[in-house]
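Me: Here is a structure I want to understand term by term. Please test each label against its definition.

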Amino acid sequence: MSFIDAITHRRTFAIISHPDAGKTTLTEKLLLYGGAIHLAGSVKARKTAKHAVSDWMEIEKQRGISVTSSVLQFDYEGHHINILDTPGHQDFSEDTYRTLMAADSAVMLIDVAKGVEAQTKKLFKVCKERHIPIFTFINKIDHFGRNPFDLMDEIESVLGIHAYPMNWPIGLNGNYQGIYDRRSASIELFAKDTSHGQQKLSSTKGSAADPRFKELLDDDVHKNLIDDIELLDMAGDAFSAEQVANGELTPLFFGSAMTNFGVKPFLESFLQMAPPPQPRHAKEGIVEPADEEFSAFVFKIQANMNPQHHDRMVFMRICSGKFTKGMSVTHCQSGKTVRLMQPQQFLATERTGVETAYAGDIIGIFDSGTMGVGDTLYTGKKKITFKDFPTFPPELFARIRAKDSLKRKQFLKGMTQLAQEGAVQIYENMGSLESYIVGAVGPLQFEVLSYRLQHEYGVTLEMNRLPYTVARWLALPDTMAYSDLKNIDSAMAVKDHKQRLVLLITTDWQTNWIAERNPEVLFCSTPDEL
Ligand code: G4P
């Protein structure tokens with residue numbers, strides 16, 4: 001395969017969903033069709049092993065497991081596919097958001113009975129801001145589900161994206177019997193699955209005009225299907241590849257991951273429509289995937305996978321060119337030359353060494369501490385600096401300090417390094433150098449911070465959760481000082497790592513109230529908006 005072919009046949013995407021919608025099951029079925037596993041159950045077993053443990057210390061022991069699930073790769077009919085894992089709510093953190101930066105498209109998985117749920121909304125927002133194509137799979141149609149028109153309405157009104165159903169569930173009052181494929185005008189009805197979805201599924205399939213289906217379906221079910229399709233054709237949004245590419249229209253698929261129903265047609269349509277690796281913006285200009293020189297950015301760091309060796313695995317997304325094992329690259333932020341030794345890729349259940357990889361691929365590299373999240377690596381004389389990741393607004397805050405004040409030096413070193421890794425966001429507590437304020441998007445981040453400071457830096461933390469849920473970066477007019485702000489008694493002022501003023505506030509309502517009383521001040525939900 002030529003260099004260009006290798007790139008155009010790559011698909012790198014993330015599955016976004018609320019816990020329990022069926023992400024593990026769908027991932028597993030995709031691997032099953034890709035031949036990467038032979039019996040469903042192996043990914044699931046790993047998930048169970050991971051979630052059976054309750055605290056971070058135990059999760060730490062399982063790190064080998066969670067690392068392999070950060071990205072999975074398989075081949076399907078000439079395509080090389082990278083699935084990026086976005087962890088469930090227990091592990092929800094800034095890492096989850098940053099992982100989305102490495103994807104070229106996203107699959108949004110929705111439970112047919114539950115519709116759009118909280119975590120899906122948060123992850124969707126990040127994808128929408130990046131304008132990447134989003135494909136929707138409405139799962140569990142083997143079970144009782146909501147009306148498909150209601151679900152479409154909800155996607156449009158809650159998420160603000162139009163939906164184009166590629167197929168349509170057949171059935172009345174949420175009791176579905178199969179799906180109708182709009183492009184081929186064919187019907188597929190569920191077959192009795194005796195293997196509980198462990199094998200690929202067989203079913204009854206044929207043209208919608210086939211008289212067999214009139215017999216197989218009750219009269220009212222058949223009539224309802226014809227009416228629905230007519231309504232969709234007449235009143236629904238038209239399909240537009242351009243709108244899909246810009247993330248303005250989501251192709252919508254119904255199916256059931258557990259019984260494999262609709263998974264293969266989904267995979268095939270997805271591979272046809274989803275984009276290959278896309279150009280990326282760097283400060284110096286656009287970087288094309290087919291550029292000869294190699295470039296990549298770091299989107300995730302997992303440290304101390306082996307506590308005896310203090311090693312760190314740095315996950316990078318290749319943005320251009322070809323990677324070969326042992327190649328020397330420039331680390332943009334330090335200016336150092338780094339050799340990329342022992343690169344790893346992640347197959348269904350294990351990680352393996354890798355000799356070559358291309359734009360679109362994700363590889364892991366062991367690093368001794370040079371690289372930080374968001375950093376760029378490149379070859380060639382022309383400097384490349386990928387733009388900083390956006391800052392994701394924290395929603396949880398805590399005040400921390402070292403229990404033993406003699407450990408202050410280790411405390412500062414640990415906090416600086418963990419902030420470089422992007423484990424938490426750190427704020428200076430105005431007026432006190434003894435304690436710091438940390439912000440996170442998920443509670444596990446605090447647990448990780450506390451555990452790692454103790455085990456890696458020997459510092460026991462004293463941590464007090466604070467009642468704030470909103471952070472606002474403030475732009476004050478030149479003539480105004482912080483002390484001139486009105487009605488901020490219930491809020492807390494801190495400074496971020498670039499010494500910018502941030503106000504921590506308890507509720508959205510309170511935020512609006514304070515903003516109204518300080519009309520000359522700009523209240524920004526991220527520093528990128530300043
Ligand atoms: P997650 O990774 O998004 O959290 O979801 P996961 O795949 O673990 O699925 C959550 C539950 O939903 C599982 O049930 C799974 O079997 C079920 N599920 C997934 N896809 C379908 C589907 O198409 N139809 C139906 N009816 N159920 C589905 P569980 O009881 O938690 O686990 P298990 O005992 O089935 O393994």
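**Labels and their cut-offs**

Me: Why is methionine 463 called partly exposed?
Reply: Methionine 463 has 16 C-beta neighbours inside 10 Å. A residue is buried with 20 or more other C-beta atoms within 10 Å of its own, exposed with 12 or fewer, and partly exposed in between; C-beta atoms are placed from the backbone. Therefore methionine 463 counts as partly exposed.

Me: What should I know about the model and the numbering?
Reply: This is a predicted model: local features need pLDDT of at least 70, side-chain atom pairs count only at pLDDT 80 or more, and totals for chains, interfaces and linings use all residues. Residues are numbered from 1 along each chain as its sequence is written.

Me: Where does methionine 463 lie?
Reply: Methionine 463 is in strand β27, residues 461-466. Strands (E, at least two residues) and helices (H or I, at least four) are DSSP runs, numbered from the N terminus.

Me: Which residues is methionine 463 in contact with, leaving aside neighbours within four places in sequence?
Reply: They are Ala398, Ile400, Phe446 and Ser450. Contact means that the two C-beta atoms, placed from the backbone, lie within 7 Å. Arginine 401 is 62 residues away from methionine 463 along the chain, yet their C-alpha atoms are separated by 6.8 Å.

Me: What makes strand β26 largely enclosed?
Reply: 5 of the 5 residues of β26 (436-440) are buried, so the rest of the structure largely encloses this strand. Tyr436, Val438 and Ala440 cover one side, with Ile437 and Gly439 on the other, and all are buried.

Me: How do you know that β24 and β26 pair?
Reply: Two strands pair if DSSP finds at least two bridges between them. Strand β24 (residues 396-402) is joined to β26 by 5 bridges, so they pair, and they run antiparallel. Isoleucine 400 has tyrosine 436 as its bridge partner in β26.

Me: What joins β25 to β26?
Reply: Strand β25 (residues 425-429) pairs with β26 over 4 bridges, in the antiparallel sense. Isoleucine 426 stands opposite valine 438. Their hairpin has 6 residues between the strands, and glycine 431 takes a positive phi near 95 degrees there.

Me: In what order do the 8 strands of the open antiparallel sheet stand?
Reply: The order is β27-β24-β26-β25-β29-β30-β28-β31. The edge strands are β27 and β31 (522-524), each pairing on one side only.

Me: Which helix lies across β24, β26 and β27?
Reply: Helix α14 (residues 444-457) does, running at about 165 degrees to β27. Axes are lines fitted to C-alpha atoms, for helices over the stretch in contact, and angles run from 0 to 180 degrees between N-to-C directions.

Me: Why is one side of β2 and of β6 left without a neighbour in the sheet?
Reply: Their sheet is open, has 7 strands and mixed pairing, and runs β2-β3-β1-β4-β5-β11-β6. β2 (71-76) and β6 (162-165) stand at the edges with a single partner strand each, so one side of each has no neighbour in the sheet.

Me: How many residues does the largest nonpolar core have?
Reply: It has 128 residues, and Ala106 and Met316 have the most contacts inside it. A nonpolar core is a set of buried Ala, Val, Leu, Ile, Met, Phe, Trp, Tyr and Cys residues joined through C-beta atoms within 7 Å. Strand β15 (residues 312-320) gives the largest share, 6 residues.
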